[in-house]
Amino acid sequence: MLALAVLAGSQLLIVVDATIVNVALGPIRDGLGFAVADLQWVVTAYTLAFGGLLIPGGRLADRFGHRRVFLAGAATFGAASLVGGSATTPAVLVVARAVQGAGAASMAPAALALVLAVFPPGRRRVTALGVWAAATAGGTALGSILGGVLTQAFSWRWVLWINIPAAALVVIGGAVLPRTRGMNRGRIDLLGAAMVTVGTALLVYGLTRVADRGWHDGGTLIPLLLAGLLLGSFVVLQRSREGGLVPLEVMRNRTVVAADLVGLVLGVAIYSLFFFTSLFLSSIQAHDPVRVGLAFVPMTIAIAIAARLSGRLAGRIRPGLLSSAGASIVAIGIVLLSRIAPDSSYAGTLLPALVIAGFGLGLTFVPLTSAAVSGVSQADAGIASALFNAGQQIGGAIGLAVLTTVSAAWTAGVPESPSPAATTAGWSVAFLVAAALTAVAAVVAATFIRTSDRPVETP
């Protein structure tokens, strides 16, 4: 159980840090003299480094040993948090956030691979994955709450310094983790690593600019076009050479690919749910950051309860069907969220929708996470985990870009725009689109996800 606490704690740390600085952006701007246009880089630097380096991080973990890379990532994360919290200039903080993202990209795939190494197939692994899923899904809400409390009680610097003792505990606790041996596969595919890292970073960067600049702005289009070129070339390269960054046997595993696709769509659902609901509570109903974060606590509890239930059902229900059922429930919860209006109450509209969506997420992520690494050898567990994590990151970025565009376009067409009613009408449409995508993901899960622990046939 100590090993699980260390590994799930590291995942919680990674997810929390994606959102903990959001509520501190105002004090950060005032404290360090950020230009308004540059403030986004406090968030974006972490996202770009994390998303861009996940796949190379997963391959490094497979190559040099999961525990070694995991501990190196945790130490890097803690050191960058110390530097970032002590920053006296905007540039130092942005660089520190990027290094945090690099540390997270080393930790995340190695940690999930270690979960598989510590817990063999069976009930104990399912229980461990349930805890992992709860940490992953609950970290976003916890980040908002913790960020608000620390900023109000102390200063913005503590949203970074709080990571130092947490990372230290992870490193110390790492002594209980198994020493997995690195697999000598010859030279690392440096060209593939460069292509996927730069391509993913450009994709996420381009998508983060859509809301402010639109799809037709050169600063949006050029990164997206370059990202498409690099990532397309990366796929062709990986399919045509031996010893690539992503082994062919992983790319040919239909269950793994389907789980990654479903995870990508759930990334769309999760990010849109938190983003639009947070905006509704903060901008329409004028709640403070701490209260906004607390609004998601029931959802986090629902995730934990459903993840435990999912573990009990995993041995009786095919993982594809269990994932499909969970995704369907998530879709229902998001449809309920589409009823929001300026005068909607938390208890009558938001609470039931958030609890239902949270229950669906908890039900889904246990079998889905297991399926994402199914039929993959221990030697490829890191890269399989990285693909699953990267899918969720990319899905979230794509989802926010597309759904904010859909929302803004719909709002602009409402006769009484601009008004709170027009704004919430746009968000309602965005929720409905997210729900439709999640319903499609449920069909994909039921059709293509076959097993969670045994290899599947490849085409």
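Modeller: Helices here are DSSP runs of H or I with at least four residues, numbered from the N terminus. The model under discussion is predicted.

Biologist: What places Ala286 in a loop?

Modeller: Helix α13 spans residues 254-284, and α14 spans 289-294. Ala286 is therefore assigned to the loop between these two DSSP runs.

Biologist: Why is Ala286 called exposed?

Modeller: The relative accessible area of Ala286 is 62%.

Biologist: Let us turn to helix α11. Why does Thr220 count as buried?

Modeller: Thr220, which lies in helix α11, has a relative accessibility of 0%. The limit for buried is under 20%, so Thr220 qualifies.

Biologist: Which residues does Thr220 touch, not counting residues up to four places away in sequence?

Modeller: With those neighbours set aside, Thr220 touches Gly206, Arg209, Val210, Arg213, Gly214 and Trp215.

Biologist: Why does Gly232 count as partly exposed?

Modeller: Gly232 is also placed in helix α11, and its relative accessibility is 33%. Buried requires under 20% and exposed over 50%, so a value of 33% falls in between.

Biologist: How do you know that Ile394 counts as buried?

Modeller: Ile394 belongs to helix α18. At 17% relative accessibility, Ile394 is under the 20% limit and therefore counts as buried. Leaving aside neighbours within four places in sequence, Ile394 is in contact with Thr200 and Leu203. Val265 is 129 residues from Ile394 in sequence, and their C-alpha atoms are 9.4 Å apart.

Biologist: Why is Ala347 called exposed?

Modeller: Ala347, in helix α17 (residues 346-372), has a relative accessible area of 56%. That value is over 50%, so Ala347 is classed as exposed. The C-alpha atoms of Ala347 and Ala18 are separated by 28 Å.

Biologist: Now the aromatic rings. How many aromatic pairs are there?

Modeller: The count comes to seven aromatic pairs. One of them joins Tyr46 and Phe50, with 6.1 Å from centre to centre and 40 degrees between the planes.

Biologist: Why is the pair of Phe154 and Trp158 tilted?

Modeller: Their ring centres are 5.8 Å apart and their planes stand at 50 degrees, a value between the limits of 30 and 60, so this pair is tilted as well. Phe154 has a relative accessible area of 57%, over 50%, and is therefore exposed. Trp158, at 37%, is partly exposed.

Biologist: Which residues do ring pairs link into a cluster?

Modeller: The cluster consists of Phe275, Phe276, Trp427 and Phe431.

Biologist: Which residues touch the most other members of the largest nonpolar core?

Modeller: That core has 107 residues, of which Leu7, Phe70, Val115, Leu273, Met299, Ile334 and Leu361 touch the most other members. Helix α13 supplies the largest share, 14 residues. Another core, of 19 residues, lies apart from it and includes Ala24, Val43, Leu150 and Leu160. Beyond four places in sequence, Leu273 touches Phe296, Met299, Ile334, Leu337, Leu354, Ala357 and Phe431.

Biologist: How much space lies in the second largest pocket?

Modeller: The second largest pocket holds about 610 Å³. Its lining has 21 residues, and the closest to its centre are Ile55, Phe234, Val235, Asp260 and Leu387.

Biologist: Which helix gives the largest share of the lining of the second largest pocket?

Modeller: Helix α11 (218-240) gives the largest share, six residues. By class, the lining has 15 nonpolar, four polar and two charged residues.

How values were computed: Residues numbered from 1 in each chain as written. Predicted model: local features only at pLDDT ≥ 70, side-chain atom pairs only at ≥ 80, totals over all residues. Heavy atoms only, no water. 1 Å grid on protein atoms, 1.4 Å probe; cavity = no way out; pocket = protein on both sides within 12 Å on 5 of 7 lines; lining within 4 Å. Points joined across faces, edges and corners; volume = space filled by probe spheres on them. Nonpolar A, V, L, I, M, F, W, Y, C, P; charged D, E, K, R; others polar. Core = buried A, V, L, I, M, F, W, Y, C linked by side-chain atoms within 4.5 Å. Buried < 20%, exposed > 50% of the residue type's maximum accessible area, 1.4 Å probe, protein only. Contact = heavy atoms within 4.5 Å. Phe/Tyr/Trp six-rings, centres within 6.5 Å; stacked < 30°, edge-to-face > 60°.
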